[in-house]
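Subject: Structure handover

Hello,

Here is the structure for you to look through. My notes on it come after the sequence and the model.

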Amino acid sequence: MEQPAIERHKAAIHRTTLGRPLRLALEAGLVPAGAAILDYGCGHGDDVGFLKALGFVATGWDPYHRPTGELTEACACYLGFVLNVIERPDERIETLHKAWALTRDILVVGALVTVDARGLGSAMPFGDGVVTRIGTFQMYFDQRELENILGQTLEVEPVALGMGAFAVFRDPTRAAQYLAARVVRRAAPLSPAAIEALLAERRELLQPLLQFFVDRGRWPDEEEAAAFRDVTRSFGGLRRVTATLEASGDSLGVDFPARQAEIRDDLSVVLAIARYRSPRATPPLDPALRREVVRHFGTLGGALTVGDELLRSLGQEGVLRRAAGRARVGKRMPDALYLHHSAVGLLPKELRTYEELARAFVGGTEEANIVKLHLDRPCVSYLSYPDF
């Protein structure tokens, strides 16, 4: 069979909006404002223009459309829908290595996946993909396949941002930090009026200390207490001031034990996901996150055991159903729990871990607003009801 003529440059399209994988990375705050971004395989360069308009130092290179573009190392490198137009698997690997070599901090990769293969029509099978009617090659990755290619080629565990969209970090603690930020619930700042109801004349002294607890679910240790020396001196010591505040929880609108339990549950979910990603090694944790884990669970080893136990519990019969029975949100059906995506953080830790494992696979679920947690089989469905 004669090999068809493949014209890769025809796969480049003009864009009216920023490419989706890049947009997901920026929305997640993964690239600092004003950072240098290299679009490797930029096609016509539309994304470069959009990035410049957003204040980034953007450059682009393309072997056909911009062969003289700058190929210089950048904070972030974007490899958007390039791998799927390369018909040779060995060249895909080579391209990944080249883009990674130009990446200082984060590589964002976007590729077509199997759900994008609808309506191919007259496409002709070729290699592990197809040749389209205009002579371009297209390969449609399975989500797990794309994840494996990135991980095995670059020897770094990628993080899914969405279907066909991944981020690969130079510093593995950045990945852990990003995943943890999706889980840990943020409480609203304390009301100055509530603090004033406790001790009006000491409101300014008390507010930072109270906010410390609300943010972390614990009081400062001896080392951290130095930052609150004025208020502790005013009350005669850290223990005395924290006891006073805990006794005034109702007037402050703070349930101290409940907030501590919330944070511990959040950290348990973070640890379970970390152990899923690094089952045979100590997972990389952001130093600030590691400190909170140790403060709440005593030791890092003890904390990782908590994550292991939570992860293993999901495979035990009846655990998900019992957790669904404790859920204070959602609509319970015989074999599933339906809820709005904004309420996932209110679920028991077992169901949050269950959903987070699914989201770690697909990345973002931007078009879905309803989550269906199946209780009769390991499956999570993301549904879209625009008018809900």
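This is a predicted model: local features need pLDDT of at least 70, side-chain atom pairs count only at pLDDT 80 or more; totals for chains, interfaces and linings use all residues.

Residues are numbered from 1 along each chain as its sequence is written, and side-chain values use heavy atoms, with hydrogens and water left out.

Overall. The chain has 15 helices and 13 strands; these are DSSP runs (helices H or I, at least four residues; strands E, at least two), numbered from the N terminus. Along the principal axes, the C-alpha atoms fill a box of roughly 85 × 50 × 45 Å. Of the 388 residues, 49% are buried (under 20% relative accessible area, with a 1.4 Å probe and protein chains only; exposed is over 50%, and partly exposed is in between).

The sheet. An open sheet with mixed pairing is formed by 6 strands in the order β2-β1-β3-β4-β9-β8; two strands pair if DSSP finds at least two bridges between them. β2 (57-61) and β8 (159-162) are at the edges with a single partner strand each, so one side of each has no neighbour in the sheet. On average, neighbouring strands are turned by 20° against each other, direction ignored. Strands β4 (residues 103-110) and β9 (residues 165-169) run antiparallel and are joined by 5 bridges. Helix α5 (residues 172-183) packs on this sheet and touches β4, β8 and β9, with its direction at about 50° to that of β8. Contact here means heavy atoms within 4.5 Å, and angles run from 0 to 180 degrees between N-to-C directions, with axes fitted to C-alpha atoms, for helices over the stretch in contact.

Valine 184. This residue lies in the loop between α5 and α6 (192-199). Valine 184 counts as buried because its relative accessibility is 14%. Leaving out residues up to four places away in sequence, valine 184 touches Ile263, Asp266 and Val270. Its C-alpha atom is 8.4 Å from that of glycine 345, which is 161 residues away along the chain.

The helix pair. The axes of α11 (residues 256-277) and α13 (residues 300-313) come within 7 Å and cross at roughly 80°. That makes α11 roughly perpendicular to α13 (65 to 115 degrees; under 35 is roughly parallel, over 145 roughly antiparallel, and the rest oblique). Residues making the contact include Leu271 and Arg275 of α11 and Leu304 and Asp308 of α13.

Regards
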